[in-house]
Amino acid sequence: MSNTALQMNYILKRIFDICSAGITLLLLLPLFVVIAIAIKLDSEGPVIFSQGRRTKNGKIFQMYKFRSMVVNAEKVGTGLFNYENDPRVTKVGRFLRNSSLDELPQLFNVFKGDISVVGPRPCVTYELGDYETLNKKYKKRFTVIGGITGLAQARGRNENSWDEKVTLDNQYIDEFKQRGILLDFQIIWETLMKVFHKADIYEEKVEGAQNDVESAQLAEAEIIRIAHLPDEE
């Protein structure tokens, strides 16, 4: 694909983001109200959970989700990791996570231009360790704008390790240059099938870990270690 055609596809991608996010937000407004009421009745705390994430060029933005855990859950237990039967997840939150409805507020991020519908999933600001010292493989996924879903979510979701997710993210970046926005449409369809079948919702525990907390600590250390391995020649 020529540079002109690629740029045209990026423009079409942004137009699609604005139109799809805007229309979906209007159509789902009643559902947003119902979910907000359910969250407030189920547990104390805000309806919306806002968290610092990284998108293109490492830029930090606030990503929105419906709150599905108790307040300050990130600072206790398994931190960023969510295993099956996590006690921090509220009753309503479990339904929202199983149905992926907790992700809907990210449509506001898409409409604002923080992220796209399709792109590498934005990581938590500290999830991969120091951004500036990431190796080339991990830095590459930040050369494009992040997304609600991506090739890594459509092809495995939480079944993939972080390294496998980065490989798929980079594959998306390369394939987009060949197929353009048609690739986004395919990923959206594959993601909807994943959500419909409720597949790969929870992260897998580290083999040999004594408990969930230890598993999360081991997994976090391994992710950061691999993200900072020396570049291959």
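Mentor: Let us start with a definition: a patch is made of residues with over 30% relative accessible area and no salt bridge, and nonpolar side chains are joined within 5 Å. Please keep in mind that this is a predicted model.

Trainee: How much accessible area do M8, I11, L12 and I15 have together?

Mentor: These residues form a nonpolar patch on the surface. One of them, I11, lies in helix α1, residues 3-27. I11 is partly exposed, with a relative accessible area of 47%. Together, M8, I11, L12 and I15 have an accessible area of about 360 Å².

Trainee: Which residues of α2 are buried, and within what arc do the buried residues fall?

Mentor: In α2, the buried residues are F32, I35 and I39. An α-helix has 3.6 residues a turn, so residues three or four places apart point the same way. Seen down the axis of α2, its buried residues line one face of the helix, because they fall within an arc of 70°.

Trainee: Which exposed residues does the face of α2 turned away from its buried side carry?

Mentor: Exposed means over 50% relative accessible area. On the face of α2 turned away from its buried side, the exposed residues are P30, V34 and L41.

Trainee: How many disulfides does a search of the whole structure find?

Mentor: A disulfide is a covalent bond between the sulfur atoms of two cysteines. C19 is partly exposed, with a relative accessible area of 42%, whereas C123 counts as buried at 2%. The number of disulfides found in the whole structure is 0.

Key: Residues numbered from 1 in each chain as written. Predicted model: local features only at pLDDT ≥ 70, side-chain atom pairs only at ≥ 80, totals over all residues. Heavy atoms only, no water. Patch = residues over 30% accessible without salt bridge, like charges linked within 9 Å, V, L, I, M, F, W, Y side chains within 5 Å. Areas by Shrake-Rupley, 256 points an atom, 1.4 Å probe, with all protein chains shown as cover. Salt bridge = Lys/Arg side-chain N within 4 Å of Asp/Glu carboxyl O. Helix = DSSP H or I, 4+ residues; strand = E, 2+ residues; numbered from the N terminus. Buried < 20%, exposed > 50% of the residue type's maximum accessible area, 1.4 Å probe, protein only. Disulfide = S-S within 2.5 Å. Arc of directions from axis to C-beta.
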